[in-house]
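This briefing concerns a single protein chain and selected local features of its fold. Please consult the sequence and the structure shown here alongside the notes that follow.

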Amino acid sequence: MEGSDEQHDLSDDSDYAASQQQGLRESAHYKSVEAGGFNENEASETLYSKENVAVHPTQHAAERISGQLRLIKQHSSLFLRWLPYIDAPNEENPMGNLANSILTKDKLLYAIKDLSMNDVRSLHRHSPPFGWQYIIIVLSSGIAYPPLYFYSGGVREFLTTLKQHVIIVRSAEDLNIFLLNDFRDPLQRSLLSFELPRAISISKSGPVQNTSSAYSIEGSSGSEYHERRATMLKNPSSDISLHVLEKFSLITRFARDATSEIFHEHRNKSYRNYEKLHGDNSLYETISSDEIFVPSDPLKFDSSQVMEELRQDPLEAEEWAAFLDSEGRIKDFNALRKRIFYGGIGSNLRKEVWKFLLGYHLHNSTYEEREYIDSIKKSEFESLKSQWQSISTTQARRFTKFRERRSLIEKDVVRTDTSVPYYDGDDNPHVKLLHDILLTYSFYNFDLGYCQGMSDLLSPVLFVIEDESESFWCFVALMERLGPNFNRDQSGVHSQLFALSKLVELLDRPLHDYLAQADCLNYYYCFRWILIQFKREFELEQLMRLWEVLWTHYKSEHFHLYVCVAVLKRYRSEIIGQRMSFDSLLKFINELSGKLVVDDILTAAEKLCNFAGEEGEACIPPGTPPSLSTDSFLDL
């Protein structure tokens, strides 16, 4: 059996056994979707074909999408095609197998249709000790397709066939990363990284391309750290993060290949209820020339039907004191959560209250108990930190994973929130704290380690909490729920994007229909919103207000998805009216950074959440990562 660790093994034994028995039968019983864009009239040759190669849209084994993977040569070009098995109608079952938990239209979101290998930057092979091997395809533009799991083996044969027709070299940093079409000098080899420390910009001429040189670090002294930091500040493009491409998708025109063959659907029951509620049976009209749907009137909520409370001023010291009893316990945590949901927290109180929202302090703990916990946790943090501080240069040379993670952290922290005075300037001690906390976390959670983007999540926490040990434990709590966003196979983010597509379909059908026509239903343009919780969309004060609202889980543990819908809905007339393509929509979404007003968005998101009710929650598959757990994670 070819393997995956528990975190990434998305199938159980019975599921695998069934797949082995049905692997050949599936190809006979099901028909594959015909690919578009590939000239079937031209001579072509199938060089490699493998059945039972699967994609997992969620972390549930039952929702596996199996399909056929092929390498096809046409003239001198090599193409990759992965198409899902689609139920074939027959006399006994004219509609196909409707019992399948994943609908045909949803399966087609993940199709890879005739991808030219000239557009592929790298292949990432993963062979965990338990489970099945999978590969991640990374394009030159930076997009990382969902992993392809080889349930019947065949990764080695796939790579062998590929090597016979495409120039492939192994990465010097990771032997399981195969670089394609890399003709440049080794010192100038680079991979696009998702520039999370600043907003993405997409030029009209094409996707952004950054170049960087190979970067290797073995020392760990303070002076060496500051020297490297100074060098990287002078050369901000010196980032060759190979692993970031498994975590983030910088989407370009290539992403549309994964969203072709979208089927138009009839309005579902939820949407008919919406029409009935608003008395509008003609929400859009059709322009026959190109079948672009244009809403006749933006959807508006009837305040008498959809109730919400007004936003309030932030929670301040006097009111906060009223929530505590004489020994420091929070008397009504649910009432506190509601108060924070509608007003946020005053800047002078965040340092104290965030610890409760994040689960570092229990809401029923006393002053004395919290003081004791602080001392215990500080000692535990120092013990964790000493693990990497004690690694000698000689040890580091033999500790590849440590060197890789330290290198990524050192490159990321110097680019994190440099516009915020708290982190600006050479030899900034707060940047050093970011570095130390992240490296300590990579030892605390060694399976997950460090992924690019974590520095963005830690930065506001350290800014508010200030203390190194307490910031670390608050960050640990944050990562307990946001950790799935950084899975190597991107399953955490993809499951949330899938849920987002369902919510838009429920709450704004005209927008959904337009996005379907524009091949934009994969919602990859919202990837950054989900990944780092809108970190780049709001200025710092508004971002902190948004985060503390999300952390309350007062309305929904997936309230961040309703925030996504609210933003898309706010700009629906521009999106549809300007007939935005995937590229123009991505550019438009990225340029919203800094233009959103958090209270307006939260008010709109609450209305959407109230209206959606149970039907909205039903759109979100079980196991979809929420913003944050309300339960304390600390095993004290």
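Which residues in α16 are buried? In α16, the buried residues are Arg509, Pro510, Leu511, His512, Asp513, Tyr514, Leu515 and Ala516, where buried means under 20% relative accessible area, exposed over 50% and partly exposed in between (1.4 Å probe, protein chains only). The model is predicted: local features need pLDDT of at least 70, side-chain atom pairs count only at pLDDT 80 or more, and totals for chains, interfaces and linings use all residues. Residues are numbered from 1 along each chain as its sequence is written, and side-chain values use heavy atoms, with hydrogens and water left out.

**Overall composition**

- The protein contains 22 helices and 12 strands; helices (H or I, at least four residues) and strands (E, at least two) are DSSP runs, numbered from the N terminus.
- Of the 636 residues in the protein, 58% are buried.
- Among contacts in the protein between residues at least 6 apart in sequence, 75% join residues at least 24 apart; contact means heavy atoms within 4.5 Å.

**Helix α16**

- Helix α16 spans residues 509–517 and is mostly covered, with 8 of its 9 residues buried.
- Asp519 follows α16 and has a positive phi, near 55°.

**Helices α12 and α14**

- The axes of α12 (residues 429–444) and α14 (residues 468–482) come within 10 Å and cross at roughly 50°; axes are lines fitted to C-alpha atoms, for helices over the stretch in contact, and angles run from 0 to 180 degrees between N-to-C directions.
- Helix α12 is therefore oblique to α14, since angles under 35 degrees count as roughly parallel, over 145 as roughly antiparallel, 65 to 115 as roughly perpendicular and the rest as oblique.
- Leu433, Asp436, Ile437, Leu438, Thr440, Tyr441 and Tyr444 of α12 meet Glu468, Ser471, Phe472, Trp473, Phe475, Val476 and Met479 of α14.
- By class, this contact of α12 with α14 comprises 10 nonpolar, 2 polar and 2 charged residues; Ala, Val, Leu, Ile, Met, Phe, Trp, Tyr, Cys and Pro count as nonpolar, Asp, Glu, Lys and Arg as charged, and the others, Gly among them, as polar.

**Helices α8 and α13**

- The axes of α8 (residues 350–357) and α13 (residues 454–465) come within 8 Å and cross at roughly 130°.
- That angle makes α8 oblique to α13.
- Arg350, Lys351, Trp354 and Lys355 of α8 make the contact with Pro460, Val461, Val464 and Ile465 of α13.
- The residues of the contact of α8 with α13 divide into 5 nonpolar, no polar and 3 charged.

- Strand β6 (residues 120–126) runs antiparallel to β10 and is joined to it by 3 bridges; two strands pair if DSSP finds at least two bridges between them.
- Ser122 stands opposite Leu179 in β10.
- Strand β9 (residues 168–170) also pairs with β10 in the antiparallel sense, over 3 bridges, and Ile168 stands opposite Leu180 in β10.
- A hairpin is formed by β9 and β10, with 6 residues between them.

- Glu42 lies in the loop between β1 (31–32) and β2 (45–55).
- Glu42 is partly exposed, with a relative accessible area of 34%.
- Leaving aside neighbours within four places in sequence, Glu42 is in contact with Gln74 and His75.
- Glu42 and His75 are 33 residues apart in sequence and 8.5 Å apart in space, C-alpha to C-alpha.
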